[in-house]
Amino acid sequence: MFEGRSTCWLLQNYCTTKESKVTVIDTFAGGVEHQKMDLKGLRGVFERNIGSIKSPAEVEICQGDSLDELAGLVSVGRQNPGYDFISVDASHQAPDVLADCVLGFGLLRKGGIMAMDDYLWSAERPGFDDPLNSPKIAIDAFTTIYRRKLRILPNLPLYQLYLQKL
């Protein structure tokens, strides 16, 4: 759970050269569903976990709200050819997820892959769920609006939705 395990996996399996770069955006404060948890020291746990991999890749950690951090990357990234892979896995609130998808897609290079996590996740039990407390409605809106600019990758589990930028 948000301790850098996805980043560790990327460092072990894909970002294995010194030319590789991983940019991580996190508040290290959790979301609304984590309010009752003690998350002090979470960044330290994250840094220890990714440091244990001993990858030659550069890891840039941007601590802050994803909307602010992504907007900053978009503003300085105009010279950057784009990211090869972007994972949207922050807030589970639909407005936040939609903003992360739109800004992240702007940073993705043509042919790049975007993974959107927790597609079917809900804060509430089935039948009592508020669609605004779930990533699904935002991901569906994003993929509908951008459908001519992306291809959804088929035959993958629906807990995550993967797409390729055309």
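**Figure 1. Arg5 and Glu3 form a salt bridge.** The closest N and O atoms of the pair are 3.0 Å apart. The model shown here and in the other views is predicted. Arg5 counts as exposed, because its relative accessibility of 54% is over the 50% cut-off. Glu3 is partly exposed, with a relative accessible area of 22%. A search of the whole structure finds five salt bridges, and two others are shown in the next views. Side chains of opposite charge can pair when their charged atoms come close.

**Figure 2. A salt bridge joins Lys21 and Glu60.** Here the closest N and O atoms lie 3.2 Å apart. Lys21 belongs to strand 1 (residues 21-26) and Glu60 to strand 2 (residues 58-63), so the bridge ties together parts that are 39 residues apart in sequence. Both ends are partly exposed: Lys21 has a relative accessible area of 42%, and Glu60 has 27%.

**Figure 3. Arg109 and Asp84 meet through their side chains in a salt bridge.** The N to O distance is 2.2 Å. Arg109 is in strand 4 and Asp84 in strand 3, so this pair ties together parts that are 25 residues apart in sequence. Arg109 is partly exposed, at 31% relative accessible area. Asp84 also counts as partly exposed, at 49% relative accessibility.

**Figure 4. The largest nonpolar core has 20 residues.** Met114, Met116 and Phe142 have the most contacts inside this core. Two or more residues come from each of helix 3 (66-76), strand 3 (83-88), helix 4 (94-107), strand 4, helix 5 and strand 6 (161-165). Helix 4 gives the most, with five residues. In soluble globular proteins, nonpolar side chains tend to be buried together.

**Figure 5. Phe142 and its contacts.** Residues up to four places away in sequence are not counted here. Phe142 touches Leu98, Cys101, Val102 and Phe105, among others. Its contacts also include Met114, Met116, Leu150 and Leu163. Met114 and Met116 are, with Phe142, the residues with the most contacts inside the largest nonpolar core.

**Figure 6. Leu161 is found in strand 6.** Leu161 is buried, because its relative accessible area of 8% is under the 20% cut-off. Leaving out residues up to four places away in sequence, Leu161 touches Met114, Ala115, Met116, Tyr119, Ile139, Thr143 and Ile152. Leu161 and Met114 are 47 residues apart in sequence, yet their C-alpha atoms are 8.2 Å apart in space.

**Figure 7. Leu120, Leu158 and Tyr159 make a nonpolar surface patch.** The patch covers about 300 Å². Leu120 sits in the loop between strand 4 (108-116) and helix 5 (135-145). At 49% relative accessibility, Leu120 counts as partly exposed.

**Figure 8. The protein as a whole has five helices and six strands.** From the N terminus on, the elements run α-β-α-β-α-β-α-β-α-β-β. The protein has 166 residues, of which 34% count as buried. Its accessible surface comes to about 10100 Å². Carbon and sulfur atoms account for 54% of that surface. Among contacts between residues at least 6 apart in sequence, 67% join residues at least 24 apart.

Definitions and conventions. Residues are numbered from 1 along each chain as its sequence is written. This is a predicted model: local features need pLDDT of at least 70, side-chain atom pairs count only at pLDDT 80 or more; totals for chains, interfaces and linings use all residues. Side-chain values use heavy atoms; hydrogens and water are left out. Patches are made of residues with over 30% relative accessible area and no salt bridge: like charges are joined within 9 Å, nonpolar side chains (Val, Leu, Ile, Met, Phe, Trp, Tyr) within 5 Å. Accessible areas come from the Shrake-Rupley method with a 1.4 Å probe; for residues, only the protein chains shown count as cover. A salt bridge is a side-chain nitrogen of Lys or Arg within 4 Å of a carboxyl oxygen of Asp or Glu. Helices (H or I, at least four residues) and strands (E, at least two) are DSSP runs, numbered from the N terminus. Buried means under 20% relative accessible area, exposed over 50%, partly exposed in between (1.4 Å probe, protein chains only). Contact means heavy atoms within 4.5 Å. A nonpolar core is a set of buried Ala, Val, Leu, Ile, Met, Phe, Trp, Tyr and Cys residues joined through side-chain atoms within 4.5 Å.
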